[in-house]
Amino acid sequence: MISHTLSFESVVAFVASNSLSSISLSDTEQLTAYALFKQGTRGAHRNQRISIVKRTLPSYSLLKRARVASWQKLGNMTKSEAKELYVSLIWSRNKARFGAALLVHLSTLQNELDALRVFRVYKQGVLSRCRQTMTGEEWMNRFYELKPGYLRCYKSGQMKLLRAEVALNTGVKCTVEKNSSKMNGGGSVGANNEFLITISIPNGTANKNGIGELVLGTNSYEEAQDWRENLVQASLDGGENEMAPQNTTKKTKTKTNAKNSDNSLKETVHTKYQASFLSSDNPDRQSYRGFFNLVLIVCFISNIRAIVDSLSHHGNLLTSFFSAAQNGPELGFQDFIIIVAFLGLWVFVLVAWVIEYLAARATLAMSEHVTRMAHFTNCSASILVPCWLIQTTSCHFFFGAPYLFMAIVVFLKLVSYAHTNTVLRMRWLSGDNNNKNDKTTVPAINVKQTLSRKNSMATVPFLENKSADGSSVKYPKNLTFANAIMFQLYPTLCYQTSYPRTPKIRRMWLVKRCFELACCVLVQVLVFTQMMRPVILHGKEGDENFFNQLLQIAIPSLACWVLMFYGLFHLWLNILGEVTYFADRLFYKAWWNATRLDVYWRWWNMPVHQWLVRHAFFPCMNAGWSKNTSMFMTFLISAVFHELLVSVPLHVFRLYAFFGMLGQIPLIYLTNLIHKKLPGSQIGNIIFWVAFTILGQPICLMMYAKVIMMK
């Protein structure tokens, strides 16, 4: 009832401002109103007997006696009940008198309530938004704010830059469902949300962004349901869809009015400051995915055209290459020696383990000096013996290069094995085996990561090597032959007593990576035989000058180098990590975005970088050398191994790769200077791509090719 919205004070004020005759109450109702007023303001009447003298006084009239009697009849009625009855009585007899004023007051209150409701925020937070692009789904985290009738999308919670606004009304539908693409192992990499919130917007809704359906993602079911409930409430508060036609008559009328009216100036075109998309003044970080797709298409077409031209000029060299390899000379005795020597590398691993095993037990008078000399001899033999075998046997490059590559890997791992166990042994002998700064073990905590898709690394909970009592492996319990063998199989060069592990092998994922690796190798062979080999052979005949050959071989060599990186660091190391249950798969970072050359060398080959920092840079620093000298020694070691990996299998002793590595030190200082003077500039990245991959590697390749052909 409307009377319930009236206050007792407002009704009393209304009665006080009018005479009793104008209030439209009968005599009995006036007595009742008086009694209710007294009962509501003072409480129950005190039953005091009226003296005979007071009754005879003229002032004590019949009316006063009637009022007192009426008040006494209410008995012990509470004040609140009396006030309610008083309000109901006055309202029922005077609706026409103050009803209009009451409605105006109620309308004012309703307007104030609507104004407050506009500023109400039902819910706000960060959600992932799915957008359809040319390359598939793109997920981005955005800050959303839900208000009555509107859902606003901002770039972030700190930067309230409005990106989109969706109008909500009673026609909007909202559903919550499980992320099926994640359960089926599909979808984009960013689709790592457990639950999806789908908002369906009717076509007639006033929507400036033209959004018909909005898909948001979150990892919590309770969070998703809370968003859905608030979205429904915000849609109800948004009212009816004013743009949607209600019936056929109105629809026809609207069309008729549209023909007779000009809506050209319905909206203002220019309303605020806006920078161009490609301008540096634009506060939004733009996506250049479309240009990236264009570059990929151009590169693909250009390389296909180059291959077609090579086929027309030189024929199908790939078929002739495989035929020559199949019908070529039989394997010689020197090649069999190299094949057997592959297995001989395990002898050095066995010797390293025996040395540490004896040193930990202090047997056979194994002093620390003798232990270190034994490790030095074993590590030196692991790299010198393969170099001597390749040089003396004059084996083929395709046998010598993989053998030397594996020998260098074994050498680096043996150095790490000896160095790490030496430090652990010193701590163990000094009784400091529980050093808090020990970084050679994995904390005994099971690290579990959320699932992003079925065959993704993030779906696998991490485990770690543990001993029988459940703790991480500590020295000297790690000195087992199985531990030394597994370290040689792990895709890392730095030894630890334990590593993060995965509990299972993803078979389908492994099959896909193996197929990709085979395709990658096949494409490399195709590019080399069809686009690079003819240029090198023509250079032998002297038909073309060196600069022209360099331009022809630059792009194919870059393609081979990128394929080598993808096949080795992304595919092969991940395959090796999968079959050995190795969980830490950070083998590289985004080196292609490096604006400094030293950043590139730290990011493009993480296993080698970690080994150089741990077993070359810091030992030099601990020896008292300066930082610059330690960095130079680190580069010198890297340059030596690059030269060995090229010169020894080719059976030519040239220092092109060695000086090519040392020649990057000035470029490092140059790119660091540019980065310091022009922060955020891409000049350093351009210098890296041009000097290192476009000119550096092709020049080095052509120079070694000239030497081999002359020999």
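## A buried aspartate

At 12% relative accessibility, Asp598 counts as buried (buried is under 20% relative accessible area, exposed over 50% and partly exposed in between, with a 1.4 Å probe and protein chains only). You'll find Asp598 in helix H18, residues 597-603. Helices here are DSSP runs of H or I with at least four residues, strands are runs of E with at least two, and both are numbered from the N terminus. Leaving out residues up to four places away in sequence, Asp598 touches Ile668 and Asn672; contact means heavy atoms within 4.5 Å.

Before going on, a word on what you're looking at. This is a predicted model, where local features need pLDDT of at least 70 and side-chain atom pairs count only at pLDDT 80 or more, while totals for chains, interfaces and linings use all residues. Residues are numbered from 1 along each chain as its sequence is written, and side-chain values use heavy atoms, with hydrogens and water left out.

## The nonpolar cores

Which residues touch the most other members of the largest nonpolar core? They are Ile390, Tyr403, Leu404, Leu412, Leu414 and Tyr417, out of 39 residues in that core. A nonpolar core, by the way, is a set of buried Ala, Val, Leu, Ile, Met, Phe, Trp, Tyr and Cys residues joined through side-chain atoms within 4.5 Å. At least two residues each come from helix H12 (333-361), helix H13 (368-393), helix H14 (397-429), helix H15 (481-489), helix H19 (606-622) and helix H20 (627-650). H14 gives the largest share, ten residues.

Take Tyr403 as a way in. Setting aside its neighbours within four places in sequence, Tyr403 is in contact with Ile338, Ala341, Phe342, Leu345, Pro386, Leu389 and Ile390. Apart from this core lies another, of 22 residues, and Trp591, Tyr600, Trp601 and Phe688 are among them.

## Cavities

The structure holds two cavities of 30 Å³ or more, and about 40 Å³ of space lies in the largest cavity. A cavity is a set of points, on a 1 Å grid over the protein atoms alone, where a 1.4 Å probe fits but cannot get out; lining residues have an atom within 4 Å of a point. Grid points are joined across faces, edges and corners, and the volume is the space filled by probe spheres set on the points.

Ten residues line the largest cavity, with Tyr144, Cys153, Ala164, Val166 and Leu214 the closest to its centre. Strand S3 (150-154) and strand S4 (162-167) are the elements that give two or more residues to this lining. Sorted by class, the lining has seven nonpolar, no polar and three charged residues.

## Cysteines

Cys560 counts as buried because its relative accessibility is 12%, and Cys620 counts as buried at 13%.

Tyr475 and Pro476 are joined by a cis peptide bond, with omega at about 5°. Pro476 sits in the loop between strand S8 (463-464) and H15.

Tyr581 isn't a glycine, yet has a positive phi of about 60°. Look for Tyr581 in the loop between helix H17 (546-579) and H18; its relative accessibility is 30%, so it counts as partly exposed. His651 isn't a glycine either, and has a positive phi of about 60°. His651 belongs to the loop between H20 and helix H21 (656-662).

Technical notes:
On a 1 Å grid over the protein atoms alone, a cavity is a set of points where a 1.4 Å probe fits but cannot get out, and a pocket is an open set with protein on both sides within 12 Å along at least five of seven lines; lining residues have an atom within 4 Å of a point. Ala, Val, Leu, Ile, Met, Phe, Trp, Tyr, Cys and Pro count as nonpolar, Asp, Glu, Lys and Arg as charged, and the others, Gly among them, as polar.
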